[in-house]
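Subject: Structure for you to look at

Hello,

I am passing a structure on to you, and it is shown just below. My notes on what was found in it follow.

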Amino acid sequence: MPATPMQPSVAGPISALLVGLGALPGAWLRFWLVRSLEPFLVRRHWGTLVVNLLACFALGLLVAHQARLPHRSHVMLLVGTGFLGSLSTFSSFASELRLCLQQGERVEAAGLLLASTLGGLLALRAGWILF
């Protein structure tokens, strides 16, 4: 089966290296953006949401790019899996959602859940359309 934009064909140590090289700046940027947004937001999880939506939008752009140039699987590994994978953070989202629920903030949790899931899909689609 040929590779699709979400299934890179590059295999082996080069793949791991590309993912690792992309992940380092993505994780650093997530840390920096969330910290930079904290003074302007009521709760930290809204900073995580902003970063996740940004990553979804960028992934939409990348997937649209890859659909038009499918033989560039190294780009998906470096930017998609590495950089954007570490920029976005499902585990932080889940942890922050759990914290809202644990603190009895059901409306806040519902807003976060809806904004993250629906917003992520819309941001991904917007990136795809704008490419």
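**Overall layout**

Read along the sequence, the chain follows the pattern α-α-α-α-α. Please keep in mind that this is a predicted model. The chain has five helices and zero strands. Its C-alpha trace spans about 50 × 30 × 25 Å along the principal axes. Of the 131 residues in the chain, buried residues make up 29%.

**Salt bridge**

The structure holds one salt bridge. The partners are Arg43 and Glu105, and their closest N and O atoms are 2.5 Å apart. The pair links distant parts of the chain, as Arg43 and Glu105 are 62 residues apart. Arg43 sits in the loop between α1 and α2, and Glu105 sits in the loop between α4 and α5. Is Glu105 buried or exposed, or does it fall in between? Glu105 counts as partly exposed because its relative accessibility is 26%, while buried would need a value under 20% and exposed one over 50%.

**Aromatic pairs**

There are two aromatic pairs in the structure. One of them is formed by Trp28 and Trp32, and this pair is stacked. A pair of aromatic rings is described by the distance of the centres and the angle of the planes. For Trp28 and Trp32 the values are 6.3 Å centre to centre and 15° between the planes. Both residues lie in helix α1, which covers residues 13-37. Trp28 and Trp32 are four residues apart, about one turn of the helix. Trp28 has a relative accessible area of 53%, so this residue is exposed. Trp32 has a relative accessible area of 45% and is therefore partly exposed.

**Nonpolar surface patch**

Which residues form a nonpolar patch on the surface? They are Leu17, Leu21 and Leu78, and together they have about 270 Å² of accessible area. Leu78 belongs to helix α3, residues 73-87. Leu78 counts as partly exposed because its relative accessibility is 32%.

**Two further residues in the helices**

Met76 is also placed in helix α3. Met76 counts as buried, because its relative accessibility is 3%. Met76 and Leu62 are 14 residues apart along the chain, and their C-alpha atoms are separated by 7.5 Å.

Leu61 has its place in helix α2. With a relative accessible area of 27%, Leu61 is partly exposed. Between the C-alpha atoms of Leu61 and Leu84 there are 11 Å, and the two residues are 23 residues apart along the chain.

**Largest pocket**

How much space lies in the largest pocket? The value is about 310 Å³. The largest pocket is lined by 15 residues. The closest of them to its centre are Asn52, Cys56, Ser88, Phe90 and Ser116. Which helices each supply at least two residues of the lining? They are α2 (44-68), α3, α4 (90-102) and α5 (106-130).

**Where to start**

If you want a few places to look at in the viewer, these would do:

- the salt bridge of Arg43 with Glu105;
- the stacked pair of Trp28 and Trp32 in helix α1;
- the surface patch of Leu17, Leu21 and Leu78;
- the largest pocket, with Asn52, Cys56, Ser88, Phe90 and Ser116 closest to its centre.

Regards

Methods. Residues numbered from 1 in each chain as written. Predicted model: local features only at pLDDT ≥ 70, side-chain atom pairs only at ≥ 80, totals over all residues. Heavy atoms only, no water. Patch = residues over 30% accessible without salt bridge, like charges linked within 9 Å, V, L, I, M, F, W, Y side chains within 5 Å. Areas by Shrake-Rupley, 256 points an atom, 1.4 Å probe, with all protein chains shown as cover. Salt bridge = Lys/Arg side-chain N within 4 Å of Asp/Glu carboxyl O. Buried < 20%, exposed > 50% of the residue type's maximum accessible area, 1.4 Å probe, protein only. Phe/Tyr/Trp six-rings, centres within 6.5 Å; stacked < 30°, edge-to-face > 60°. 1 Å grid on protein atoms, 1.4 Å probe; cavity = no way out; pocket = protein on both sides within 12 Å on 5 of 7 lines; lining within 4 Å. Points joined across faces, edges and corners; volume = space filled by probe spheres on them.
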